[in-house]
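The following exercises are intended for a reader who is new to this structure. Each task is followed by a solution in steps.

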Amino acid sequence: MAQPYMKKDDDDEEVEYSPFFGIEKGAVLQEARAFHDPQLDVRRCSQVITKLLYLLNQGETFTKVEATEVFFAVTKLFQSSDAGLRRLVYLMIKELSPSSDEVIIVTSSLMKDMNSKTDMYRANAIRVLCRIIDGTLLTQIERYLKQAIVDKNPVVASAALVSGIHLAQANPEIVKRWSNEVQEAVQSRAPLVQFHGLALLHQIRQNDRLAISKLVSSLTRGSVRSPLAQCLLIRYTSQVMRESSMNTQNGDRPFFDFLESSLRQKPEMVELEAARKITEMDVTSRELAPAITLLQSFLTSHKPVLRFAAVRTLNKVAMTRPLAVTNCNVDLESLMLDTNRSIATLAITTLLKTGNESSVDRLMKQITSFMSDIADEFKIVVVEAIRSMCLKFPLKYRSMLNFLSNSLREEGGFEYKKAIVDSIITLISEIPDAKEIGLLHLCEFIEDCEFTYLSSQILHFLGNEGPRTSDPSRYIRYIYNRVILENATVRASAVSTLAKFGALVDTLKPRIFVLLRRCLFDTEDEVRDRATLYLQTLGGEVSIGNNEKDANDFLFGSFDVPLANLEASLRTYEPSEKPFDISSVSREVRSLPLQEKKAPGKKAPAAAAPAPVSAVDAYPKMLSSIPEFSGFGKLFKSSEPVELTEAETEYAVNVVKHIYDSYVVLQYNCTNTIEEQLLEDVTVCVDASDAEEFSEICSKPLASLPYNSAGQIFVAFEKPERVPAIGKFLNLLKFTVKEVDTSTGEADEDGVEDEYQLEDFEIVAADYMLRVAVSNFRNAWENMDPESERVDEYGLGVRESLAEAVGAVINILGMQPCEGTEVVPRNARSHTCLLSGVFIGGVKVLVRLSFGLSGPNEVAMKLAVRSDDPEVSDKIHEIVASG
């Protein structure tokens, strides 16, 4: 039911209601019977249609019967000649979206209106017809639509062009035939017709890059007068430049000259669009300067929309090229007091990116004055800008931490408070001097924190960083208060934090024991269990490893077993006297389970013999059951399947690479998709002449491969022990084919030898690395021996983007990205990526990659590696250098 749009005044004198207040679908449907009256009451019919449209737009659903009844009733209103009622009828038909059977009822009436002498009827009839008809009826009215596109009345022509834009999505071939008429519309003097004509012409040619380039080239010579069309042309021009990778620094640059000339084309919308596109391009400072100057002039405009558009564009520029915006700082500071809070927020965040160290304190004072007046979403933007500025000027951390701390005490939602907490944690991690002050601010916040997640996050961070400060005892009071005052989740987190202090600070251990013993009487099982475990561990009554380091690893170390792998292992574990061994669970992170390839159009294969491998943990069990491979030792890694055939071919084959310390076993998964054939004596001949370090030692062929069943063929190679040998393998499938009678299922006794060429594949360095994640990269990095660290710099050459370079290095190394660092922020010119993994031989490896753009799309990289074995650190550098 609709609600009144104005509540009662405080003095209870009067109440204003929405005209739709209290209407119900059933009552309106009863009123719709007025459409059947012989003498139509135009005013009443208009009111009823308005109510029906309101219900539809409010999300009210009509049943099939109700919609059909309303539709047929509305069609009777075509007998009225009232223009206002006719427009409502058009709207109602569009909203009801009748089925193909019902469309025929109104098609004749709408086609009659298309040829009417009343332009308003013609335009609306075109829009409605194109909305409700399908491709078969479209061909019948195509001639009328072509005529409408070149109609002298701009309303009719614009309606036909907009309808063409919508129709092109479902019937592109028909709309392409209108090219001549649309080109004529692009030359129209009517602004809206030219705008819609250009949009439709671009859509018709969008898949032909050369045609788009010619279109843009012809129109940039000055034939476009409509401001909207000019904005559209500017967008298409920048798109052509981007796709063709045109270098704006050479002599022949007509497209860029057009964008630059558009900076001087009135009205403001054209100038602004040109400036925005230039700032998004990779141009020199000299080429960028005119656009920045124009945007700066808009900052002092009396129109709020121009000020907002200019400051938003400058804000984006400041993310990647802050020096280019520095000249605008004076005008930006005046916008900090703008009555429009969106403009003020963008101005302050831009200043935070472009300001210098001397202006930090003044900016912080000005920010404080208006933070309480803006919404949380704007506050988050400001907080993130302050974090970036603090990292830029680390000596100013005190004033910025004080600001963030004060913001934590103010009212705000979860996302806002989380942004502040994340910012403080980042500053503590990156600026060593800020650690103690930042930790105290966080401790004060959790004294009155209403969000369980944030309290647990801070306690976890406090447990890792607090024991390493000059006076760890000062934090114990804040932590134990959480045990007394908070809910069970926070209490459990506080117990773990106390245990970390006890493990790392010997002088505090007796006091920690007293506090943990008090936790033994907690009402929650989880809290009591944690307290008991930590008391036994810290007291030495339960042995965790062989030394204190093992105990600390237990408390501080990351859980490096993927939960999906652990769950799969527990499901397959059969209870026995032998306890479950977590060390047997695969540490490799896999995004998807292995899936056997199936030819399209075929039904799901029947159970194969042996069953196809679908879980990581099934590989070791299967391989160890084969006598030829039982002496190879422990399986280190099994790769994802590599497809060796196309999807449409008669045989589906993929290969899984099983890596051991001194051996590699290739498992070829084969599926026969031809119903009339039985394959016997199926083998794969592997040519390893391009893999010199591998020597074939045995193979295990497949005796029989019936239709729609899967089987495995194995080929084993020996290689140097724990050496990441690489090479290319050529594969040829050989078999004996026997014809099968599909009616009886019997195969011929005689067969014909045949062979089938498979795709080549390679064993690469990434195959010798397990993707093993760490939950706390910083702690893991610090716990690695610094003597094992190897650092070097590399030039990666020209890349499409920083993200593409990051992805390429990750693929070469085959390691697991940590803490979401594989995602590169948009427009970033530098990025740090953290990787972890286990190299063959069980050697843990951590990698810190620092990327930066050293020129136009030239990417430079600094690679730092730490591992349990310095030789492995050297090998990682060799892999990158050769990759």
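**Exercise 1: Aspartate 741**

In this predicted model, aspartate 741 belongs to the loop that runs between strand S9 (727-739) and strand S10 (752-757).

Task: Determine whether aspartate 741 is buried, partly exposed or exposed, and state which patch on the surface includes Asp741.

Solution. 
1. The relative accessible area of aspartate 741 is 38%.
2. Buried requires under 20% and exposed requires over 50%, with partly exposed in between; aspartate 741 is therefore partly exposed.
3. Asp741 is one of the residues in a surface patch of negative charge, which also includes Glu739, Glu746 and Asp748.

**Exercise 2: Serine 262**

Task: Locate serine 262 in the secondary structure, classify its accessibility and find which backbone oxygen its side chain reaches.

Solution. 
1. Serine 262 is part of helix H14, which spans residues 254-262.
2. With a relative accessible area of 3%, serine 262 is buried.
3. At 2.9 Å, the side chain of serine 262 reaches the backbone oxygen of phenylalanine 258.

**Exercise 3: The whole chain**

Task: State how many helices and strands the chain has and what share of its residues count as buried.

Solution. 
1. The chain has 36 helices and 17 strands.
2. Among its 883 residues, 49% count as buried.

Notes. Residues are numbered from 1 along each chain as its sequence is written. This is a predicted model: local features need pLDDT of at least 70, side-chain atom pairs count only at pLDDT 80 or more; totals for chains, interfaces and linings use all residues. Side-chain values use heavy atoms; hydrogens and water are left out. Patches are made of residues with over 30% relative accessible area and no salt bridge: like charges are joined within 9 Å, nonpolar side chains (Val, Leu, Ile, Met, Phe, Trp, Tyr) within 5 Å. Accessible areas come from the Shrake-Rupley method with a 1.4 Å probe; for residues, only the protein chains shown count as cover. A salt bridge is a side-chain nitrogen of Lys or Arg within 4 Å of a carboxyl oxygen of Asp or Glu. Lys and Arg count as positive and Asp and Glu as negative; His and the chain ends are not counted. The place of a charge is taken as NZ of Lys, CZ of Arg, CG of Asp or CD of Glu. Helices (H or I, at least four residues) and strands (E, at least two) are DSSP runs, numbered from the N terminus. Buried means under 20% relative accessible area, exposed over 50%, partly exposed in between (1.4 Å probe, protein chains only). A polar contact is a pair of N or O atoms within 3.5 Å; within protein, one must be able to donate a hydrogen and the other to accept it, and residues adjacent in sequence count only if both atoms are side-chain atoms.
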